[in-house]
Amino acid sequence: MSLKDESFPSSAAFDAIHSSLQSDDAERKDAVKKGNAIFAFKLRNNAGQEKGWHIDLKEKGAVGKGDAPEGKKADVTLSLSEEDFGKMVAGKTQAQRLFMAGKLKIKGDVMKATKMEPVLEKAQTKAKL
């Protein structure tokens, strides 16, 4: 099942993150241990549409559509434009810069949000954005 949405081109990164987490059991367990949170991403595209994806690094080490796995709640929600998300995953900008510029809004545990960067870095090598 692809997580990509054609109206959100950078959403292909969620497939890359998912395959990165699923390809190596030891890495997935390490990511869950380090992340210890459910991260929700709310992306806005140029047409003004908004969609959500989540990365569960609390239990399963899995990626899915929606704000959180069924019956769960996100520990951290990151809201940003689809374009900025693409730049962040491609390594062209950092989450901290986007946050300081007001382009990234964080709800929930801000300190947990900092644990997301290493997971996004792993996806950089797999995502073709």
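Predicted model: local features only at pLDDT ≥ 70, side-chain atom pairs only at ≥ 80, totals over all residues.
D25 forms a salt bridge with R28, with the closest N and O atoms 2.3 Å apart. The two residues are three positions apart in helix α2, so about one helical turn separates them. R28 has a relative accessible area of 17% and is therefore buried. K29 joins D25 and R28 in a network of salt bridges. D25 also lies 9.5 Å from G61, C-alpha to C-alpha, although 36 residues separate D25 and G61 in sequence.

**Salt bridges**

The structure holds eight salt bridges.

| Pair | N to O distance |
|---|---|
| D25 and R28 | 2.3 Å |
| K51 and D5 | 2.4 Å |
| K42 and D67 | 3.8 Å |

In the salt bridge of K51 and D5, K51 lies in strand β2 and D5 in the segment before α1, so the pair ties together parts that are 46 residues apart in sequence. K51 is partly exposed, with a relative accessible area of 38%, whereas D5, at 11%, counts as buried.

K42 and D67 also form a salt bridge. Here K42 lies in strand β1 and D67 in the loop between β3 and β4, so the parts tied together are 25 residues apart in sequence. K42 counts as partly exposed at 26% relative accessibility, and D67 is partly exposed at 39%.

**Sheet**

Five strands form an open sheet with mixed pairing, in the order β3-β2-β1-β4-β5. At its edges are β3 (62-65) and β5 (105-108), each of which pairs on one side only. From one strand to the next, the twist averages 20°. Strand β4, residues 76-81, pairs with β5 in the antiparallel sense over four bridges. T77 has K107 in β5 as its bridge partner. Helix α3, residues 82-89, packs on the sheet and touches β1 (38-44) and β4. The direction of α3 makes about 110° with that of β4.

**Core and aromatic pairs**

In soluble globular proteins, nonpolar side chains tend to be buried together. In this model, the largest nonpolar core has 30 residues, and F14, F39, F41, I55 and F85 have the most contacts inside it. The elements that give two or more residues to this core include α1 (12-23), α2 (25-35), β2 (50-56), α4 (95-100) and α6 (117-124). Helix α1 supplies the largest share of the core, four residues.

Which residues does I55 touch, not counting residues up to four places away in sequence? Among them are F14, I17 and L21, along with F39, F41, V63 and M116.

The structure holds five aromatic pairs. In one of them, the rings of F14 and F85 have their centres 4.9 Å apart and their planes at 10°, so this pair is stacked. F14 lies in helix α1 and F85 in helix α3, so the pair ties together parts that are 71 residues apart in sequence. F14 is buried, with a relative accessible area of 0%, and F85 counts as buried at 0% relative accessibility. F14 and F85 form one aromatic cluster with F8, F41 and W53.

Key. Residues numbered from 1 in each chain as written. Heavy atoms only, no water. Pairing = 2+ DSSP bridges. Axes fitted to C-alpha atoms, helices over the stretch in contact; angles between N-to-C directions. Contact = heavy atoms within 4.5 Å. Core = buried A, V, L, I, M, F, W, Y, C linked by side-chain atoms within 4.5 Å. Buried < 20%, exposed > 50% of the residue type's maximum accessible area, 1.4 Å probe, protein only. Phe/Tyr/Trp six-rings, centres within 6.5 Å; stacked < 30°, edge-to-face > 60°. Salt bridge = Lys/Arg side-chain N within 4 Å of Asp/Glu carboxyl O.
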